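Work through the exercises below with the structure open. Each task is followed by a worked solution.

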Amino acid sequence: MPSKALPNCLTQSKTKEIKMRLGLDQAKSLASAWLCHHGMSVEHAGVVADHLVYATLAGHAFAGMPRLVPIAEYLAKRGCGGVVSTTHRTPQSATIDGANVIGYVTSLAAVDTAVDLARTGGIGIVGLSNSWFSGMLRYYVERAANAGFIALHAANAAARVAPYGGIDPLLGTNPIAFAFPAEDRPLVIDMATSSIAWGDVIYHQQIGKPLPSGCAVDQEGVPTTDPLSAIGGAFIPWGGVRGSSLSIVVQALGILAGSDPVISDRGKWGYFFLVIDPAVLMDPAEFKAKVSQLRQTIESSRPAADGSSVYAPGTRSFERVQDGIERNWIDVDDEVYEAVRLGIDYAQQGECG
């Protein structure tokens, strides 16, 4: 492993990709500065920057620092939004108007509201609409599970995915995530229902790489590996008819949360949160112990002939985050770093909002 004493050096991977190594505080400062120069408040920029660094640490580079450029493009189209507000609340549910504020910020408010409801009433259901672009769903459900609660989160998004058997983009990439508290750390499952995430397509475009085959079609329905053609066409659902069906479930939950049926770039996205106190059905300590036992049983099971070990969902991401925090740096593709740095320099270090 490269020395921890060299946080700023350029590194070169085995595939000859040039990357900039940044300390975690440097990365957060860079991301915050970029977002502020594009109109975001200091508070909101800090929230987004923390999330982007976490995503990079977790091993999902496309969901990390490369998101800064498309976020800026969205801010130019949609603005920074207004004041997030709760429009309706019962003892076990709430609806939140995101006021066109970025989803990285509003989703934290939504999951915390759901946790508060579950803490007092056993179950918390929250629908969040009028928001956009929320990043890794793991980030939110893990937050609830760390507080001792079971969480489900579904998020629909702008139409980029064709339903199974079609070529028209009608569904979002529509991720869904679950988290369960356990004795040592939560069991977290976070998955997109498309064969490739929108951010991953943008990332491939940024670094000049073709997409994997079988992920997208162009506007005429012809399979493509060109990121721009995929953006102009449609992504393919993950898992054939099963993944497509699950995507439609997420789309419907988003509608329940307040989204448009089919979402344009300027449309209303819908974020659905369900948080459950395990105590409504069993002793929380017993539940945590059994979830831990489940994970341990999975990870101690025999690997397939071509594998070295078996991992429960979320374990590798957890390990990568812990390792990254310990080493205190991340690698950022040089194309992304230069675009952000030059953008900030061009803005002459203007003040945050």
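**Exercise 1.** Determine how the axes of helix α2 (residues 42-57) and helix α5 (residues 138-146) are placed relative to each other, and which residues meet.

Solution. Step 1: the axes of α2 and α5 come within 11 Å and cross at roughly 95°. Axes here are lines fitted to C-alpha atoms, for helices over the stretch in contact, with angles from 0 to 180 degrees between N-to-C directions. Helices are DSSP runs of H or I with at least four residues, strands are E runs of at least two, and both are numbered from the N terminus.

Step 1: α2 and α5 are therefore roughly perpendicular (65 to 115 degrees; under 35 is roughly parallel, over 145 roughly antiparallel, the rest oblique).

Step 2: D50, H51 and Y54 of α2 meet R138, Y139, Y140 and E142 of α5, where contact means heavy atoms within 4.5 Å. These residues divide into 3 nonpolar, 1 polar and 3 charged. Ala, Val, Leu, Ile, Met, Phe, Trp, Tyr, Cys and Pro count as nonpolar, Asp, Glu, Lys and Arg as charged, and the others, Gly among them, as polar.

The model is predicted: local features need pLDDT of at least 70, side-chain atom pairs count only at pLDDT 80 or more, and totals for chains, interfaces and linings use all residues. Residues are numbered from 1 along each chain as its sequence is written, and side-chain values use heavy atoms, leaving out hydrogens and water.

**Exercise 2.** How many residues of α6 are buried, and what is the phi of G208?

Solution. Step 1: 8 of the 10 residues in α6 are buried (under 20% relative accessible area with a 1.4 Å probe, protein chains only; exposed is over 50%, partly exposed in between). Among them are W198 and I202.

**Exercise 3.** Which element gives the most residues to the lining of the largest pocket?

Solution. Step 1: β8 gives the most, with 4 residues. Both β8 (187-191) and α6 supply at least two.

Step 1: the lining residues divide into 19 nonpolar, 8 polar and 4 charged.
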